[in-house]
Amino acid sequence: MKITTDLLKQFKHDFDKNPVNHAVKNAMSKVGLNKSSIDNNLTRRHSFVFSHETKKGDITNQKSSGRCWMFAALNTARVDTMKKLNVKTFEFSQNYTLFWDKLEKSNYFLESIIETAGEPLNSRLVQHLLLDPIQDGGQWDMFSGLLEKYGAVPKSVMPETYHSSNTRELNQLLTAKLREFAAKLRDSHKDGKSSEELSEQKESFLSFVYGLLTKTLGEVPQAFSYEYRDEDNQFHRMTDITPQEFFKHYVSWDLDERISLINAPTEDKPYGKAYTVKYLGTVKEGKAITYVNAPIEVLKEAAIASIKDGEPVWFGCDVGKMLEREAGIMDDKAYDYEATLGETVELTKAQRLDYGESLLTHAMVFVGVDLDDQGNPIKWKVENSWGDKNGDKGIYSMSDKWFDEYNYQVAVKRQYIDEEWLKALDQPVVELEPWDPMGSLALVK
């Protein structure tokens, strides 16, 4: 059936017969769809007061970069550093970890190209690898690998540069070069070059990447000195300390003890199993991305237990859904589309994943939760990395129902997870295809 003139007349008649449609049309033409549909009771439901809170530092700003997962992880880690240093706030260098992430991702990509050199160029796998080899995004286990290998440094030791805060130009050039390197490696494979020769060729390519990163992001410190005053105004200086030593002494995390839980209620991913994603990672020799799929209540219980214990919680979500950014509110009823459009979007969480309507896009930190008298969550206190202009000076509020619908991942200490779900880590890990929605990366700016 095609769209005919008579059908178009019927559409217009249906629209015109309801005078509300014209009022909505006029409003949307001036302020847009979402502003016209916002629920006026939204802010009444979010007082930005929470019954349980953790310590937190000053609000950070990832600017025009997709480093949210780094900011969230470092903002989680800095709470322990603040306690050890006895300081009110602290900030790690996100530029330092960005440098190593870009270098390690380049190596991971080129290694994957070598591994798949015998695959047809137009295969889905090779085209997937070539699609976006050096984007800013990541997941918890990817960052865990970077911390374990390279440690971390205070922000003053390796401050921001233009390209750490504005990654688009760097990513465009580096992507072009990596695709060039991929073509050369595949050509060398066709010419019968050995694995050793391909590895040598790859190392020369990585040397260029290292130089490019040094020029745009700065030189990475091998060791450094750091001075500060604590909350008692006492002066301290540490000298000739390595990034690995700084992380070990002033964060002191056992990274193996931090477990990633996901909630993917789709038929192809039964709860109680551990999953990984093929060809997804940063540090090639690091631990593979691994997460346990569990009901959403399990993620909530673990997050609440962590917050009650004073431990912030890294989490990944689909931040663009039902977000009123200026107010800093995530609420499943933020926009009343039924009132303005006549109906809303009627997809379950599983259907949104299966049909490409939702996936993990952004990482932030839970630094509080508001519980009712029975201990049930009402709303969640969220530390974002978009500066302090929105929300409560950069703090956001998330309704518990929004958590149900759009939150996909939390990373917590294993002590906050019931043993029933930890058993999954003792079973064979299920491999997901590289294009599975659970392989998406947090990178929203």
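**Ground rules.** For the elements I used DSSP runs numbered from the N terminus: helices are H or I with at least four residues, strands are E with at least two. On that basis I find 16 helices and 14 strands in the protein. This is a predicted model, so I kept in mind that local features need pLDDT of at least 70 and side-chain atom pairs count only at pLDDT 80 or more, while totals for chains, interfaces and linings use all residues. Residues are numbered from 1 along each chain as its sequence is written, and side-chain values use heavy atoms, with hydrogens and water left out.

**Overall form.** Along the principal axes, the C-alpha atoms fill a box of roughly 70 × 65 × 45 Å.

I then turned to burial, where buried means under 20% relative accessible area, exposed over 50%, and partly exposed in between (1.4 Å probe, protein chains only). Of the 445 residues, 53% count as buried. For the accessible surface (Shrake-Rupley method, 1.4 Å probe; for residues, only the protein chains shown count as cover), I noted about 21000 Å², of which 48% belongs to carbon and sulfur atoms.

Contact means heavy atoms within 4.5 Å. Among contacts between residues at least 6 apart in sequence, 78% join residues at least 24 apart.

**Strand 4.** How many residues of strand 4 (residues 258–262) are buried? Five of the five are, so the strand is largely enclosed by the rest of the structure. Both faces are covered, with R258, S260 and I262 on one side and I259 and L261 on the other.

Next I checked pairing, which requires DSSP to find at least two bridges between two strands. Strand 4 pairs with strand 13 (residues 407–413) in the antiparallel sense over five bridges, and two bridges join strand 4 to strand 6 (residues 291–293) in parallel. L261 takes part on both sides: its bridge partner is V410 in strand 13 and V292 in strand 6.

**Helix 11.** I list P243, F246 and F247 as the buried residues of helix 11 (residues 243–250). Seen down the helix axis, they fall within an arc of 95° (from the directions from the axis to the C-beta atoms), so they line one face of the helix. An α-helix has 3.6 residues a turn, so residues three or four places apart point the same way. The buried residues of helix 11 pack against helix 4 (68–85), helix 5 (94–115), helix 7 (140–150), strand 2 (224–229) and strand 3 (235–241). Just after helix 11, S252 takes a positive phi of about 60°.

Q62 sits in the loop between strand 1 (52–53) and helix 4, and at 0% relative accessibility it counts as buried. Its side chain makes a polar contact (a pair of N or O atoms within 3.5 Å; within protein, one must be able to donate a hydrogen and the other to accept it, and residues adjacent in sequence count only if both atoms are side-chain atoms) with the side chain of S385, at 2.6 Å. Not counting residues up to four places away in sequence, Q62 touches several others, including F71, H362, W386 and K445.

F71 is in helix 4 and is buried, with a relative accessible area of 0%. Leaving aside neighbours within four places in sequence, F71 is in contact with T60, N61, Q62, E91, Q94 and S385.
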